[in-house]
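Please examine the fold shown below before reading the dialogue.

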Amino acid sequence: MKDYKSQLKGLCCVEISGESCANCFTLMPVLKGLIEARTDIKLVHVEADFTTIALMEEWEVEKVPTILLMDDGEIFARCTGFQPEEILEIWLDAKIEERKAQKR
């Protein structure tokens with residue numbers, strides 16, 4: 001199993017998807033574009049499969065796609081299901097700004 005937790009330093013957007021999930025395939029390039037346009041967060045992809053069952057249970061992921069926003073491995077926001085790009089961008093901006101304000 002890949003060591004995902006070692007990748008979760010600083011602000012991370014964790015995209016959890018399944019191999020046969022149409023919404024996951026549609027969401028991934030949209031999310032990748034939104035995250036690449038930012039300098040304050042990185043994208044980590046986690047494939048939901050038999051090798052990541054323990055991680056899915058720990059993170060309480062019940063369906064895919066799921067997006068988790070994490071700060072040094074701590075989940076501070078969660079979004080499930082497909083979201084249009086405009087909604088996803090507003091959600092990302094709001095949650096990241098909230099987190100930064102909490103840390104000030």
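This is a predicted model: local features need pLDDT of at least 70, side-chain atom pairs count only at pLDDT 80 or more; totals for chains, interfaces and linings use all residues.

Q: In what order do the strands of the open sheet lie?
A: Helices (H or I, at least four residues) and strands (E, at least two) are DSSP runs numbered from the N terminus, and two strands pair if DSSP finds at least two bridges between them. Here four strands form an open sheet, ordered β2-β1-β3-β4, with mixed pairing. β2 (42-47) and β4 (74-80) each have a single partner strand and stand at the edges, so one side of each lacks a neighbour in the sheet. From one strand to the next, the twist averages 25°; axes are lines fitted to C-alpha atoms, for helices over the stretch in contact, and angles run from 0 to 180 degrees between N-to-C directions.

Q: Which pairs run parallel and which antiparallel?
A: β1 (residues 11-17) and β2 run parallel, joined by six bridges, and cysteine 12 stands opposite lysine 42 in β2. β1 and β3 pair in the antiparallel sense over six bridges, with threonine 66 in β3 as the bridge partner of isoleucine 16. β3 and β4 run antiparallel, also through six bridges, and leucine 69 stands opposite alanine 77 in β4. These two strands, β3 and β4, form a hairpin with two residues between them, and aspartate 72 in the turn has a positive phi of about 50°.

Q: Is β1 enclosed or left open by the rest of the structure?
A: Buried means under 20% relative accessible area, exposed over 50%, and partly exposed in between (1.4 Å probe, protein chains only). Seven of the seven residues of β1 are buried, so the strand is largely enclosed by the rest of the structure. Leu11, Cys13, Glu15 and Ser17 point one way, while Cys12, Val14 and Ile16 point the other way.

Q: Where do the buried residues of α3 lie around its axis?
A: An α-helix has 3.6 residues a turn, so residues three or four places apart point the same way. In α3, the buried residues are Leu88, Trp91, Leu92, Ile96 and Arg99. They fall within an arc of 115° (taken from the directions from the helix axis to the C-beta atoms), so they line one face of the helix. The face turned away from this buried side carries the exposed residues Glu86 and Ile90.

Q: Which residues have the most contacts inside the largest nonpolar core?
A: In soluble globular proteins, nonpolar side chains tend to be buried together. A nonpolar core is a set of buried Ala, Val, Leu, Ile, Met, Phe, Trp, Tyr and Cys residues joined through side-chain atoms within 4.5 Å. The largest has 16 residues, and Cys13, Ile67, Leu69, Trp91 and Leu92 have the most contacts inside it. A second, separate core of 13 residues includes Tyr4, Val46, Leu55 and Leu68.

Conventions
Residues are numbered from 1 along each chain as its sequence is written. Side-chain values use heavy atoms; hydrogens and water are left out.
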